[in-house]
Amino acid sequence: MTLTELRYIVAVARERHFGRAAASCFVSQPTLSVAVKKLEEELGVALFERSASDVTLTPIGGRLVEQAQRVLEEVQLIKQLAEQGKDPLAGALRLGIIYTISPYLLPHLIPQLRIAAPQMQILLEENYTARLVEMLKQGEIDVAIVAEPFFEAGLATQAVYDEPFVVATPKGHPWEKETEIDSSVLADENVLLLSSGNCFRDHVLQACPDLNRESLPAGSLQRTLQGSSLTTIRHMVAGGIGVTVLPASSVSAADDALLTIRPFKEPIPSRRVILAWRRNFPRAAAIEAVRQAVLNTRLPSVQILPDEPVH
């Protein structure tokens, strides 16, 4: 049994496809298939049920893959401990970040990290919160920048800033005359939201529960119009299709020509942005470097939280 074979079976379990698993491991499919078959013969059990359209784990295969994942994480921990002994701020740090934060934070964050830890190579992964959690647990990334609510056993978190939401309307909209918008009036408009799977959509619905699509009449624009990104939604709003809610950090001077931006009345909807990492991650100084770099970005319109405890 080799670590390479363990990596292969974990990849097959994750991808549910031998071809995709081989590609993710940067080997040919025959190479991976032969190695998996060899491991099954050595163990004397079938790890996978194979069909023309799908690959599924057998009951014993599921238990063995879970153990293989733990073994690989421990091997990675040994390597990281060795690196920490050299310099915790040297070497690669794999940073995950959700889509609705990355375009607005990274241009400020990366220069700060270069100043704080010039020897630390940052490898970026943009994705949804659920996928980043999975990658954290599997050791595929080291730290993630996500938003609360966030409850995951085995992961440590620390808040870095609070970010208010704002309302964006097309030019000439009646709300242009208002200085603040009450969240309750959003239900009277066609509000464009991100599609399901984006946590920012959930944040908006939580802050403005009247927008929940389940309560809207069938066929309404609010029920059918969604966007895959905040950029797409901006263009839809500029085209007069409706209004939307944006995180304050996403607003820039470029919006002035297309949109009218207005703050909410109290209580102002907001989100709390946090760092998340594995509790046994050995490079504590690297996590602290990322935290300090986020604090030093001084993003406009956000409230920095410099003294929040680790949870």
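Welcome! A search of the whole structure turns up three aromatic pairs, where rings of Phe, Tyr and Trp (its six-membered ring) pair if their centres lie within 6.5 Å, and planes under 30 degrees apart count as stacked, over 60 as edge-to-face and the rest as tilted. This is a predicted model, in which local features need pLDDT of at least 70, side-chain atom pairs count only at pLDDT 80 or more, and totals for chains, interfaces and linings use all residues. Residues are numbered from 1 along each chain as its sequence is written, and side-chain values use heavy atoms, with hydrogens and water left out.

**Aromatic pairs**

- F18 and F48 have ring centres 6.1 Å apart and planes at 75°, so this pair is edge-to-face.
- F18 counts as buried at 9% relative accessibility, and F48 is buried with a relative accessible area of 4% (buried means under 20% relative accessible area, exposed over 50%, partly exposed in between, with a 1.4 Å probe and protein chains only).
- F165 and F200 form another edge-to-face pair, with 4.9 Å centre to centre and 75° between the planes.
- F165 lies in strand β6 and F200 in helix α7 (residues 199–207), so their pair ties together parts 35 residues apart in sequence; helices (H or I, at least four residues) and strands (E, at least two) are DSSP runs, numbered from the N terminus.
- Both F165 and F200 are buried.

**Nonpolar cores**

- The largest nonpolar core has 45 residues, and I101, L105, L109, I145 and Y161 have the most contacts inside it (a core is a set of buried Ala, Val, Leu, Ile, Met, Phe, Trp, Tyr and Cys residues joined through side-chain atoms within 4.5 Å).
- Helix α10 gives the most to this core, with seven residues.
- A second, separate core of 27 residues includes L194, L205, L230 and I233.
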